[in-house]
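Me: I have a chain open on my screen and would like to talk it through, one spot at a time. Could you help me read it?

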Amino acid sequence: MRCTHAVGQFETKRLRVAAVSLFTVALLVAGLMPVCSVSAATASGNASDAAASVDAGAASGLDANAPLASHTDAEAWLTRIDHAAKQETYEGTFIYQHGGSFQSSRITHYLDHGNEYERVEGLDGRPQRTLRKNDDVWTFLPDRKLCIVEKRENKYAFPALLAGGVPHVLDVYDVRALGADRVAGFDSQVIELVPKDDNRFTFRLWSDKKTGLLLRAQTLDSKGQVLEQIAFSQLSFNVGYDRRTVANGLRDMSGWNVVHSPIDSVDMAAQGWQVPQVVAGFHAIRELRRPMAAREPGATPIQVDQAVYSDGLSAVSVFVEPIGKSDRKEGIASSGATHILVRKSGDFWITVVGEVPQATLQQFASAIEYKPSK
């Protein structure tokens, strides 16, 4: 049951923070996948992506050399994008592309009597659907008749954007307006968030001119190559919806194995872990403890601590777990824009993952210290 929970939770492919690789991270942390296999699996994908990718601005006629926008304009654009994802009524299909692979999902989002409702259904691979009312989330895995109940941890799943306030983002990114474009039949405004240092990637955002809803997001490396992107392929606004969409999905739970996610808050500093703020702009936003399935059947689940740091747009997670009987190897891996680093520290495995350059992860990993309380 614990392993099923971990797999189900991390298979969702639309999180902006370490989006594609959270499932991979779950396997790494649980010791179910060696780092070298991830490196081998992603190397060919990254190579093919690099060969096929071109400068995103040149390909679409956008003005990549546009002047930087004023702070006031930049703040207004980002605030509008963030607000639209939460307040608009929309239904559509979006596609997530990374490392040579694609996943498509169907989303319905609406407000009713002050409550926010959302339904997301994966259209590829194993069936999976997620229902949400405000911060309460139910994830259904029909082939296992499993329903996972948990509180929403990430409030920045596509088409939402920001993990923190707009001011935090503008502390570490400059913004420029690149021009106009069309996505899924909608006229859009394109802006680019350019990092003020080498510790993060560049982001390009396409937002609907009428509503501000994010239509497409790309992550680019320092050479302007697209590492990954997520975009609507079909979208409708103000669609007629059944306000019972989420309620009906929860009404008949007979025959389902309902599991409540055992995630608790934790004070990692009190546990002896110190992560100095070595990368400018990244702030701690939460610390959690979650059980992960042990490799041996019937063995006690492993307690894994997770600290999440964000600059308002990008994020880095640090996972800490006892070494135990794990035969995992130290190493690095990548998939799209997400990098993973695994190293041993005394009697613990440290796994650092983030949608940031590898050098940024190295800074986090090098700064982590364990000083047990006396």
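Me: Where is the place of Thr-202?
Reply: Bearing in mind that this is a predicted model, Thr-202 is found in strand β9, which covers residues 202-208.

Me: Is Thr-202 buried or exposed?
Reply: Thr-202 counts as buried, because its relative accessibility is 13%, and the cut-off for buried is under 20%.

Me: And which residues is Thr-202 in contact with, leaving aside its neighbours within four places in sequence?
Reply: There are contacts with Glu-192, Leu-193, Val-194 and Pro-195, and also with Gln-218, Thr-219 and Leu-220.

Me: Let's zoom out to the sheet, then. In what order do the strands run?
Reply: The open sheet is formed by 12 strands with mixed pairing, and the order is β7-β8-β9-β10-β11-β1-β2-β3-β4-β5-β6-β12. β7 (173-183) and β12 (257-260) stand at the edges, and because each has a single partner strand, one side of each is left without a neighbour in the sheet. From one strand to the next, the twist averages 15 degrees.

Me: In what sense do β6 and β12 pair, parallel or antiparallel?
Reply: β6 and β12 pair in the parallel sense, over four bridges, and Cys-147 stands opposite Val-258 in β12.

Me: Switching to aromatics: how many aromatic pairs does a search of the whole structure find?
Reply: The search finds 12 aromatic pairs. One of them is Tyr-110 with Tyr-117, whose ring centres are 5.2 Å apart and whose planes lie at 15 degrees, so this pair is stacked. Tyr-110 is buried, with a relative accessible area of 1%, and Tyr-117 is buried as well, with 10%.

Me: What about the rings of Phe-158 and Phe-232, how is that pair classed?
Reply: The centres of Phe-158 and Phe-232 are 5.2 Å apart and their planes are at 45 degrees, so the pair is tilted. Phe-158 lies in the loop between β6 (146-151) and α6 (166-172), while Phe-232 lies in strand β11 (residues 226-237), so the pair ties together parts that are 74 residues apart in sequence. Phe-158 counts as buried at 0% relative accessibility, and Phe-232 counts as buried at 4%.

Me: Which residues do ring pairs link into a cluster with Phe-158?
Reply: Ring pairs link Phe-158 with Phe-94 and Phe-232 into a cluster.

Me: And which charged side chains sit over rings?
Reply: Among them is Arg-129, whose charged end sits over the ring of Phe-140, 4.6 Å from its centre. Another is Arg-216, which lies over the face of Trp-206 at 4.9 Å from the ring centre.

Me: Back to Phe-158: what kind of peptide bond joins Phe-158 and Pro-159?
Reply: A cis peptide bond joins Phe-158 and Pro-159, with omega at about 5 degrees, and Pro-159 is in the loop between β6 and α6. As background, most peptide bonds are trans, and most residues other than glycine have a negative phi.

Me: Which residues have a positive phi although they are not glycines?
Reply: These include Asn-134, with a phi of about 55 degrees, and Ala-184, also with a phi of about 55 degrees. Asn-134 lies in the loop between β4 (128-133) and β5 (136-141), whereas Ala-184 lies in the loop between β7 and β8 (186-195).

Me: How accessible are Asn-134 and Ala-184?
Reply: Asn-134 counts as partly exposed because its relative accessibility is 28%, and Ala-184 counts as partly exposed at 33%.

How values were computed. Residues are numbered from 1 along each chain as its sequence is written. This is a predicted model: local features need pLDDT of at least 70, side-chain atom pairs count only at pLDDT 80 or more; totals for chains, interfaces and linings use all residues. Side-chain values use heavy atoms; hydrogens and water are left out. Helices (H or I, at least four residues) and strands (E, at least two) are DSSP runs, numbered from the N terminus. Buried means under 20% relative accessible area, exposed over 50%, partly exposed in between (1.4 Å probe, protein chains only). Contact means heavy atoms within 4.5 Å. Rings of Phe, Tyr and Trp (its six-membered ring) pair if their centres lie within 6.5 Å; planes under 30 degrees apart count as stacked, over 60 as edge-to-face and the rest as tilted. A charge sits over a ring if NZ of Lys or CZ of Arg is within 6 Å of the ring centre and within 35 degrees of the ring normal. Two strands pair if DSSP finds at least two bridges between them. Axes are lines fitted to C-alpha atoms, for helices over the stretch in contact, and angles run from 0 to 180 degrees between N-to-C directions.
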